[in-house]
Amino acid sequence: MDSSLEGSGTAPHPVTGAPFPSPVPPGTGWPEDPAGRDTPVAGSAEEVRALARSAGDLATLEARISVCRACPRLVDWRESVARSGRRASFADQPYWGRPGPSFGDPRARVLLVGLAPAANGTNRTGRMFTGDSSGEFLYASLHRTGWAAHPVSVATGDGQSLTGMRIVAAVRCAPPANHPTSEERTTCAPWLSRELDLAGGGLAALLCLGGIAWDATVSAARSAGWVVPRPKPRFGHAVRATLVTPSGHEVALVGCYHVSPHNTYTGRLTPAMLDDLLVGLRTDSDG
Ligand code: SF4
């Protein structure tokens, strides 16, 4: 832990107890922080495109994503929540307050694509789907079906891990009312497209949670030079399509209702429905 960060205005990390300000500066010892103090920061859509294109590996890509500042509205929202908008039940914790980096296995056969971080979930913990009810539903299923080491994901540094799977998102910053604008989605798209570039040859399937993630994945695949069926396949739960990478490798595109409380509390998406899809992805992954 950087001694300059100790003192007032900090709160202890829930696992390590080390003090951090909110938002968390890169390269200061936060568990699983992919960035360092020298990681280049994208401040515009053009810089997102350039830094995504020049990222030579997934570790470099995640580091650059995690410090991005290209969308003024989202930067303002994520940081204002982190500084002064914390939920009362988390008031004693530091808030990550930065874009959510991908989480999971760098040699994944399956990419799970979410929509965007939640203000008091990933924006607090710094890990995808960690710290909210959507994540509780998702990780319980990932554990039951053998993808996750533990049934819960609480905080970075808690020992959670994924084998064969990696979680990414269409938009990496928490948006107000969980609703990114189309301009923000477009600005963030090169990060996902580069992720497909770097991971594509080893992928067997892309599991998209919700229609926005589905559309973002199809667009990112096209930008990465993949062949996408025309007309564009329409999102639906358990709908499948086949995408083809520039090297001719086939990757399954699979739809799943989002794990949001709106869907899980109403029974639109049940644990059994998600388990079925995740078990089925084993077949893709082993094939
Ligand atoms: S949403 Fe994406 S492009 Fe916009 S600031 Fe966050 S990481 Fe950068």
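**Exercise 1. Which residues does Ala52 touch, not counting residues up to four places away in sequence?**

Solution. Leaving out those sequence neighbours, Ala52 touches Leu61, Pro190, Trp191, Ser193 and Arg194, where contact requires C-beta atoms, placed from the backbone, to lie within 7 Å. The coordinates are those of a predicted model, in which local features need pLDDT of at least 70, side-chain atom pairs count only at pLDDT 80 or more, and totals for chains, interfaces and linings use all residues. Residues are numbered from 1 along each chain as its sequence is written. Finally, Ala52 counts as buried because it has 24 C-beta neighbours inside 10 Å; the classes are buried at 20 or more other C-beta atoms within 10 Å, exposed at 12 or fewer, and partly exposed in between, with C-beta atoms placed from the backbone.

**Exercise 2. Determine how strand β5 (residues 165-169) is enclosed, and by which strands it is joined.**

Solution. Begin with burial: five of the five residues of β5 are buried, so the strand is largely enclosed by the rest of the structure. Then separate the faces, with Met165, Ile167 and Ala169 buried on one side and Arg166 and Val168 buried on the other. For the partners, recall that two strands pair if DSSP finds at least two bridges between them. Strand β3 (residues 103-104) runs antiparallel to β5 and is joined to it by two bridges, with Gly104 opposite Arg166. Strand β4 (residues 110-114) runs parallel to β5 with five bridges, and here Leu112 stands opposite Ile167.

**Exercise 3. Check the span of helix α5 (residues 133-144), and state what its buried residues pack against.**

Solution. The expected span is 1.5 Å times one less than the number of residues. The buried residues of α5, among them Phe137, Leu138 and Tyr139, pack against α8 (261-264) and α9 (271-286). After the helix comes Gly146, with a positive phi near 90°.

**Exercise 4. Describe the shell around the ligand.**

Solution. The ligand is surrounded by 15 residues, of which Cys68, Cys71, Arg172, Cys173 and Cys188 are the closest; membership requires a C-beta atom, placed from the backbone, within 6 Å. Helix α6 contributes the largest share, three residues.

Notes
Helix = DSSP H or I, 4+ residues; strand = E, 2+ residues; numbered from the N terminus. Contact = placed C-beta atoms within 7 Å.
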